[in-house]
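Subject: Handing over a structure

Hello,

Here is the structure I promised to pass on. Please open it first, then read my notes below.

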Amino acid sequence: MRPRSELPGPPITHFDEQPPEEVTQWKDSVGLIEFPLASGTGFVAKEKLIVTNSHVIEGAFVEDLEITFAGAQEGRYRVQKLLYEDPARDLAILYVDCPQKPIPIAFVTELRPGDKVAIISNPSLGNTELILRNAMVAGQVAARVHKKGYDFYQITANVNPGSSGAPLFNWQGEVVGVIAMKATEEGERELGQALRNLDQSFAKIMPGVIRRGMAFSIPRNALVKAIEEAEKELQQPTGRAADLHAERAIFENLAVAGVLYLLKFAANVPDEVRAQEQVVRMRGVPRLAAGKVKLVELMPEDQARKIRSALDASEAREILAFCTKNLDQRLNALKQSPHVDQNRVKLLESLMRTVNTLKRYGESPPTTYQAYSQAALQQSENLKDQVTRLADSFAQLRPAYAD
């Protein structure tokens, strides 16, 4: 028997064939998922069930999510529920009361190298706010690969971050997978690293292959399992998926806010603290105090000025406003949930206290070098420890299923 990643098939060559009408007819059922900090792609897989990547909605609360469809039934719709999420597999399923037709899912479970495939998505154009709506690219299946405990199809097609969560079609217009940009970006890094271990003849060839485009797709079987779980949740709602997602979102938003407030604290050094640092540099710490006093190296003034300017910009202010909105109420709601670990909730409360302390210090820092150093060391250590413990705890959560 051959390993699944070595299924025989036609050779993979440059592919410039356009997808047939069987594929293009489903553009209206592919939507743009947005919330204030990010966007991605989602598609209707069953009536009112929207499939996307878990990382597309990372850090977003359900009430902040919207999906926009183009075409004859153009419209913007609020997400009502999160029915399923598996961050390890990078799949999520949302409930949206929208009229768009579901895209059929293929019955055939295996793709073979050389099979023609197409992607409909909403890619962003580099470091801009421009998004191509319902852009279509075609390619071929290159291989089936196993990565971090999960199977993916490697596709020869160019994709961009906004393509996350897009449907992968066969030439009959059926969904055979879901594009996973997270896996694609990781795969590109791994291939780049592998190139450095190749001899020169391969190293000259391979970069061109990578530049021609690659994408990873979650297989159809994983999608079907996820839909089955989402339908169970829809029929007998428990709220488990929504509560676990809210817990992660609170953590992610607190972590981002904590880092930004820590940067603000490090950059907002009072003049008298800088003057005291200069004295210590010239005279040194007295011998009796040397073992007791820990002093931090202050951020250079020119660097601090740039960071203060960046944090005062509208984009940073919007990120902070989003990340800290209604977190007290959300944490209180989690305390009532039977689905989350209350020990993690206590860690989240500790993290929130650290974030609030960093905010206070960033706005009104201590005015002596020793007090400034003590606060900076203590709060940075608190932030690092709490974020690490929470991240480890979330990593230990069991996935919904494994390949």
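What follows is a short tour, from the overall picture down to single residues.

**Overall**

This is a predicted model. The protein chain has 403 residues, and 46% of them are buried. Its secondary structure comes to 12 helices and 13 strands. Among the contacts with a separation of 6 or more, 74% are between residues 24 or more positions apart.

**Confidence**

The average pLDDT of the protein chain is 86. At least 70 is scored by 83% of the residues. Strand E3 (residues 49–52) has the highest confidence, at 98. Helix H3 (residues 200–211) has the lowest, with a mean of 46.

Two stretches need care. Over residues 1–11, pLDDT stays under 50. The model has 15 contacts beyond four places in sequence for residues 1–11. Over residues 205–212, pLDDT also stays under 50. There the model has eight contacts beyond four places in sequence. Where pLDDT is low, predicted coordinates should not be read in detail.

E3 is covered on both faces. Leu49 and Val51 are buried on one side, and Ile50 and Thr52 are buried on the other. In a regular strand, side chains alternate between the two faces of the sheet.

Which strands pair with E3? One is strand E2 (residues 38–46), which runs antiparallel to E3 and is joined to it by three bridges. Here Val44 stands opposite Ile50. The hairpin of E2 and E3 has two residues between the strands, and Lys48 takes a positive phi near 70° in it. E7 is also antiparallel to E3, with four bridges joining them. In that pairing, Ile50 stands opposite Leu94.

Ala92 is found in strand E7 (residues 91–95). Is Ala92 buried or exposed? Ala92 has a relative accessible area of 0%, so it counts as buried. Beyond four places in sequence, Ala92 touches Ile50, Val51, Thr52, Asn53, Ser54, Ile57, Leu82, Tyr84 and Glu85. Ile227 is 135 residues away from Ala92 along the chain, yet their C-alpha atoms are separated by 9.3 Å.

Strand E9 (residues 135–147) pairs with strand E8 (residues 116–121). The sense is antiparallel, over six bridges. Ala118 stands opposite Ala138 in E9.

E9 also pairs with strand E10 (residues 150–155), again antiparallel and over six bridges. Arg144 stands opposite Tyr153 in E10. The hairpin of E9 and E10 has two residues between the strands. In this hairpin, Lys148 takes a positive phi near 55°.

**Helix H8**

Helix H8 (residues 301–312) has 12 residues. From its first C-alpha to its last, H8 reaches 16 Å, close to the 16 Å expected at 1.5 Å a residue.

Which residues of H8 are buried? They are Ala304, Ile307 and Leu311. Seen down the axis of H8, they fall within an arc of 65°, so they line one face of the helix. On the other side of H8, Lys306, Ser309 and Asp312 are exposed. The cover over the buried residues includes helix H5 (240–267), helix H6 (271–283) and helix H9 (314–323).

**Nonpolar cores**

The largest nonpolar core has 39 residues. Ile250, Leu254, Leu298, Leu348, Leu351, Tyr372 and Leu390 have the most contacts inside it. At least two residues of this core come from each of H5, H8, H9, helix H10 (327–334), helix H11 (342–363) and helix H12 (369–395). H5 supplies the largest share of this core, 10 residues.

Leu298 is worth a look. Beyond four places in sequence, Leu298 touches Val269, Val273, Arg274, Glu277, Tyr369 and Tyr372.

Best wishes

Conventions
Residues are numbered from 1 along each chain as its sequence is written. This is a predicted model: local features need pLDDT of at least 70, side-chain atom pairs count only at pLDDT 80 or more; totals for chains, interfaces and linings use all residues. Side-chain values use heavy atoms; hydrogens and water are left out. The expected span of a helix is 1.5 Å times one less than its number of residues. Buried means under 20% relative accessible area, exposed over 50%, partly exposed in between (1.4 Å probe, protein chains only). The arc is that of the directions from the helix axis to the C-beta atoms. Contact means heavy atoms within 4.5 Å. Two strands pair if DSSP finds at least two bridges between them. pLDDT is the predictor's confidence in each residue, from 0 to 100. A nonpolar core is a set of buried Ala, Val, Leu, Ile, Met, Phe, Trp, Tyr and Cys residues joined through side-chain atoms within 4.5 Å.
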